[in-house]
Amino acid sequence: IFMTTKLTRRSKREKSKFKKYILGFIALLFVGIVAWGGMNYYSFQKALDKMNDSKDEQLKASAKEIDVEPFSVLLLGIDERANDNGRTDTMIVATVNPDLGTIKMLSIPRDSRVEIVGNNTVEKINHAYARGGVAMSIDTVENLLSIPIDYYVAVNMEGFLSVIDKVGGIEVMNDMDLAHGGYSFPQGEIKLSGEEALIFSRIRYEDPRGDFGRQMRQKLILEALLKEAKDPEIIFQLGDIMKVLGDNIRMNFTVSELKDFSSLYKKLNNEIDLMQFENGVGQTIGKYWYYILDEQEVSDISQELNTHLGNN
């Protein structure tokens, strides 16, 4: 029992670290896009035009002055594969309060059993994207948490990791021998291509640590990408990188809002209030396993997020 408790606490710490890396990378990405846009406006504008869904009435963002008014963002990591509409492998809600200089970030378990708004079903929340794309994911999260979602950023993780090829690969320190689908990852420092990084980040059953081990490897990849992003020589690959971003990121931030975000990011506190559902239970219903959220915990988190957004 002691070992299980210790592993659970360690797993929670690793999940919190991973969330920090995700938000940090996305924030760095936004700031980098805006800064580089001044140097190469054409490529910048072309990529943003591909990324931007703000003209879609279903996905149109709230009119916010994001360097002044509180706002919320739904971050979606999409696992898109051949002949599959894809599901959300990662679903994070971030609320930002510029006046307080604070960020709250909630990770929603992908197996959470919820009402899929617009589909008239109760199933895993990560199915919302498969049923109705970003719009249905937003509606479902708004219904679950009783908060408005102002903006979204959706990332096709498989395509996004091809950025790794544009920077010549990344190096990570692998802590155990692993193999999957013809790929071998020996213990020690290894260099990964984009395709190898994708396989490396998805391994679960071959790792005795399961999801915990997968989260550790995802963190290693994000750390390596952040290191590359800070390398001054990345400027020589920015044209190719912008094309990859344009092909694999969708969002409803406008250019003006991204510029405001760039200014706001410098003013925010470094500390992020990381939130997660902890009181739910696992349950098999029919042939599927679900995470059953605790209703009181959902209500408490909803209240906290609404207060942070200035809605109370």
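Q: Strands (E, at least two residues) and helices (H or I, at least four) are DSSP runs, numbered from the N terminus. Where does Val153 lie?
A: Val153 lies in strand E6. This is a predicted model: local features need pLDDT of at least 70, side-chain atom pairs count only at pLDDT 80 or more, and totals for chains, interfaces and linings use all residues. Residues are numbered from 1 along each chain as its sequence is written, and side-chain values use heavy atoms, leaving out hydrogens and water.

Q: Why does Val153 count as buried?
A: Its relative accessibility is 4%. Buried means under 20% relative accessible area, exposed over 50%, partly exposed in between (1.4 Å probe, protein chains only). So Val153 counts as buried. Buried residues make up 49% of the 312 residues in the protein.

Q: What makes Tyr151 and Phe253 a stacked aromatic pair?
A: Their rings lie 4.4 Å apart, centre to centre, with 10° between the planes. Rings of Phe, Tyr and Trp (its six-membered ring) pair if the centres lie within 6.5 Å; planes under 30 degrees apart count as stacked, over 60 as edge-to-face and the rest as tilted.

Q: What makes Lys124 a charge over the face of Tyr290?
A: Lys124 is 5.9 Å from the ring centre. The rule asks that NZ of Lys or CZ of Arg be within 6 Å of the ring centre and within 35 degrees of the ring normal. Arg217 also has a ring below it: Arg217 lies over the face of Phe200, at 5.7 Å from the ring centre.

Q: Why is Asp207 called buried?
A: Its relative accessible area is 3%, so Asp207 is under the limit for buried. Asp207 is found in the loop between helix H6 (194–202) and helix H7 (211–229).

Q: How do you know that Asp207 and Arg217 make a polar contact?
A: Their side chains come to 2.6 Å. A polar contact is a pair of N or O atoms within 3.5 Å; within protein, one must be able to donate a hydrogen and the other to accept it, and residues adjacent in sequence count only if both atoms are side-chain atoms. Asp207 also touches other residues, including Met176, Leu178 and Gly213; contact means heavy atoms within 4.5 Å.

Q: How do you know that E1 and E6 pair?
A: Two strands pair if DSSP finds at least two bridges between them. Six bridges join strand E1 (residues 71–79) to E6, and the two run parallel. Ile78 stands opposite Asn156 in E6.

Q: What makes E11 and E12 the edge strands of the open sheet?
A: Six strands form this sheet in the order E11-E6-E1-E2-E3-E12, with mixed pairing. E11 and strand E12 (272–276) each pair on one side only.

Notes. Lists of a residue's contacts leave out its neighbours within four places in sequence.
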